[in-house]
Amino acid sequence: MNRHAAPDEGGIRHVAIIMDGNGRWAEQRGLPRLRGHHAGVERVRQIVEACPGLGIRTLTLYAFSTENWRRSAEEVGGLMALFRRYIRSEAARLKDEGVRLRFIGDHGRLDSRLRQLMGWMEEETASGTVLDLVVALSYGGRDEIVRASRRMAEAVAAGRIAPAQIDAALLADMLDTAPLPDPDLVIRTSGECRLSNFLLWQAAYAELAFTDTLWPDFTVNEFAEILAKVRCRERRFGAVPARLVRS
Ligand code: IPE
Ligand code: IPE
Ligand code: MG
């Protein structure tokens with residue numbers, strides 16, 4: 001798919017989700033926060049499985065932000081172990097379902113065991129054509145734009161490109177998400193209404209949907225309801241629709 005092609009009005013093919021509320025879900029039950037993260041993984045399985053039937057071609061999940069490194073060593077360590085377990089336990093199923101997995105973010109901070117598993121999983125699923133599943137891990141939108149800018153500066157310094165050649169398409173190609181299309185819809189669970197450094201460049205024209213549901217309670221039914229509502233919205237991309245233009 002050409003990410004620079006004219007957007008398909010109303011077409012919601014790429015959904016990005018800020019999976020928030022695991023900690024509060026656990027706290028409400030008097031459980032440790034990590035139990036909320038474990039419950040969250042169950043939802044990931046169900047939502048991923050539902051995507052092809054709901055007309056979704058690309059799903060991007062925010063799993064761990066560059067700011068989440070500020071959490072306690074216990075929570076960060078538990079999350080990293082959970083990511084390793086998820087990869088090990090899901091690899092065969094994702095491959096069978098035709099899911100192609102990719103990871104985005106600054107992976108230099110991840111431990112080598114996890115990085116190895118991520119690389120292996122990307123290779124294992126590289127031939128998947130049913131769904132592109134993008135997992136944002138140690139990801140921050142600002143960090144991604146900074147790294148892309150650095151790459152462009154290096155290309156200029158090496159004489160591979162001229163400064164005048166830098167445009168939006170070139171910058172997009174330097175981002176972690178290249179060559180995937182921009183998200184059409186960003187959903188955030190748990191009642192918070194902010195992006196928290198997620199896909200800052202790519203979400204420029206995304207529809208936004210917020211729900212109070214905590215991520216471990218987010219069902220396929222609610223997902224389908226949000227999609228149905230958003231698909232009725234008119235996406236304008238800055239233009240005035242022909243039916244509103246007086247002749
Ligand atoms: C989102 O749930 C998952 C991650 C950030 C890893 P939280 O852990 O942020 O849950 P709350 O917001 O504290 O409820
Ligand atoms: C955003 O949630 C990151 C993920 C869901 C992975 P946070 O819980 O970290 O965001 P803030 O701190 O409430 O903005
Ligand atoms: Mg949170």
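Mentor: With residue classes. Ala, Val, Leu, Ile, Met, Phe, Trp, Tyr, Cys and Pro count as nonpolar, Asp, Glu, Lys and Arg as charged, and the others, Gly among them, as polar. Keep in mind that this is a predicted model.

Trainee: How do the residues of the lining of the largest pocket divide?

Mentor: Into 17 nonpolar, 8 polar and 8 charged. That lining has 33 residues, with Met-19, Tyr-62, Ala-63, Phe-64 and Asn-68 nearest the centre of the pocket. The pocket's volume is about 680 Å³.

Trainee: Which elements supply at least two residues of that lining?

Mentor: Helix 1, helix 2, strand 2 (58-65), helix 3 and strand 4 (131-139).

Trainee: Where does ligand 1 sit?

Mentor: In the largest pocket. Helix 1 (22-28), helix 2 (33-50) and helix 3 (73-96) are the elements that give two or more residues to its shell. Helix 1 gives the most, with 3 residues.

Trainee: How many residues surround ligand 1, and how do they divide by class?

Mentor: There are 13, and the closest are Asp-20, Gly-23, Arg-24, Arg-33 and Arg-71. The shell has 3 nonpolar, 5 polar and 5 charged residues.

Trainee: What should I look for in polar contacts?

Mentor: Pairs of N or O atoms within 3.5 Å. Here an oxygen atom of ligand 1 lies 2.7 Å from a side-chain N or O atom of Arg-71. For the side chain of Asp-20, the distance to a ligand 1 oxygen is 2.9 Å. A polar side-chain atom of Arg-33 is also 2.9 Å from an oxygen of ligand 1.

Trainee: How much of the accessible area of ligand 1 does the protein cover?

Mentor: 86% of the 380 Å² that ligand 1 has on its own.

How values were computed: Residues numbered from 1 in each chain as written. Chains lettered and ligands numbered in written order. Predicted model: local features only at pLDDT ≥ 70, side-chain atom pairs only at ≥ 80, totals over all residues. Heavy atoms only, no water. Near = heavy atom within 4 Å. Polar contact = N/O pair within 3.5 Å; in protein donor to acceptor, adjacent residues only side chain to side chain. Areas by Shrake-Rupley, 256 points an atom, 1.4 Å probe, with all protein chains shown as cover. 1 Å grid on protein atoms, 1.4 Å probe; cavity = no way out; pocket = protein on both sides within 12 Å on 5 of 7 lines; lining within 4 Å. Sits in = over half its atoms within 2 Å of the grid points. Helix = DSSP H or I, 4+ residues; strand = E, 2+ residues; numbered from the N terminus. Points joined across faces, edges and corners; volume = space filled by probe spheres on them.
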